[in-house]
Amino acid sequence: MSPINHWESSMKREFTRIYKAMFGKGPDHTTVKIVDDMIMMKIEGALTPIEQNLIQTEGGHLLVRQIRDKMVLDQQSEYVTVVENLLNVKVDNISYTFNSDGQAMYLFMVLHSSAYPCHAS
């Protein structure tokens, strides 16, 4: 297994653990990819059953988004810590979004470009 595949697999496992602890429900599927100095994570099946119902109501999408924003932002340091400890590099930026039906969350991290380890592999 290449170093990048190992890092992606380790991040996937830890990100899924953090997500499940945060929301009480693990995602259906998690994908993590490292490309140059960027980490991209896709979490599918992200919503709880109550959120799935709420998102179908008027104003529900915005309400779910506000709750998720609060929870993800409160926990972003856990995601950053996983990456920084595993790769031994600083995360410069982190952002996320949901697709239009709320069934997938995308998390993006930009690594400190002068120090990221992916060139070494």
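Here is a short chat about the predicted model shown above.

Biologist: What should I know before I start reading residue numbers and values?
Modeller: Residues are numbered from 1 along each chain as its sequence is written, and side-chain values use heavy atoms, with hydrogens and water left out. This is a predicted model, where local features need pLDDT of at least 70, side-chain atom pairs count only at pLDDT 80 or more, and totals for chains, interfaces and linings use all residues.

Biologist: OK. How many salt bridges does the structure hold?
Modeller: It holds 6 salt bridges. A salt bridge is a side-chain nitrogen of Lys or Arg within 4 Å of a carboxyl oxygen of Asp or Glu. Side chains of opposite charge can pair when their charged atoms come close.

Biologist: How far apart are the closest N and O atoms of Glu51 and Arg68?
Modeller: They are 2.3 Å apart, and the two residues form a salt bridge. Glu51 sits in helix α2 (residues 49-54) and Arg68 in helix α3 (residues 60-87). The pair links distant parts of the chain, 17 residues apart. Helices here are DSSP runs (H or I, at least four residues), strands are too (E, at least two), and both are numbered from the N terminus.

Biologist: Are Glu51 and Arg68 buried or exposed?
Modeller: Glu51 is buried, and Arg68 is buried too. Buried means under 20% relative accessible area, exposed means over 50%, and partly exposed is in between (1.4 Å probe, protein chains only).

Biologist: Which residue pairs with Lys70?
Modeller: Asp74 does, in a salt bridge with the closest N and O atoms 2.8 Å apart. Both residues lie in helix α3, 4 residues apart, which is about one turn of the helix.

Biologist: And why does Lys70 count as exposed?
Modeller: Because its relative accessibility is 52%. Asp74 has 47%, so Asp74 counts as partly exposed.

Biologist: Now Lys25. Where is it?
Modeller: Lys25 is in the loop between α1 and β1. It forms a salt bridge with Asp28, with the closest N and O atoms 4.0 Å apart. Asp28 is exposed, at 62% relative accessibility.

Biologist: What else does Lys25 touch, leaving out residues up to four places away in sequence?
Modeller: Lys25 touches Tyr19, Lys20, Gly45, Leu47, Thr48 and Pro49. Contact means heavy atoms within 4.5 Å.

Biologist: Thr48 is in that list. Where does Thr48 sit?
Modeller: Thr48 is in the loop between β2 and α2. It is buried, with a relative accessible area of 13%. Apart from neighbours within four places in sequence, Thr48 contacts Phe23, Lys25 and Arg68.

Biologist: New topic. How many residues are in the largest nonpolar core?
Modeller: It has 28 residues. Those with the most contacts inside it are Met11, Phe15, Ile39, Tyr79, Val83, Met105 and Met109. A nonpolar core is a set of buried Ala, Val, Leu, Ile, Met, Phe, Trp, Tyr and Cys residues joined through side-chain atoms within 4.5 Å.

Biologist: Which elements give two or more residues to this core?
Modeller: They are α1 (3-23), β1 (29-35), β2 (38-44), α3, β3 (91-98) and β4 (104-111). α1 gives the most, with 7 residues. In soluble globular proteins, nonpolar side chains tend to be buried together.

Biologist: How do α1 and α3 pack?
Modeller: They pack at an angle of about 150 degrees, with their axes 10 Å apart. Axes are lines fitted to C-alpha atoms, for helices over the stretch in contact, and angles run from 0 to 180 degrees between N-to-C directions. The two helices are therefore roughly antiparallel to each other. Angles under 35 degrees count as roughly parallel, over 145 as roughly antiparallel, 65 to 115 as roughly perpendicular and the rest as oblique.

Biologist: What does Ile18 do in that picture?
Modeller: Ile18 is found in helix α1. It is buried, at 2% relative accessibility. Setting aside residues up to four places away in sequence, Ile18 touches Glu78, Tyr79 and Val82.

Biologist: Last one. Which loop holds Asn88?
Modeller: The loop between α3 and β3. Phi of Asn88 is near 60 degrees, a positive value in a residue other than glycine. Asn88 counts as exposed, at 68% relative accessibility.
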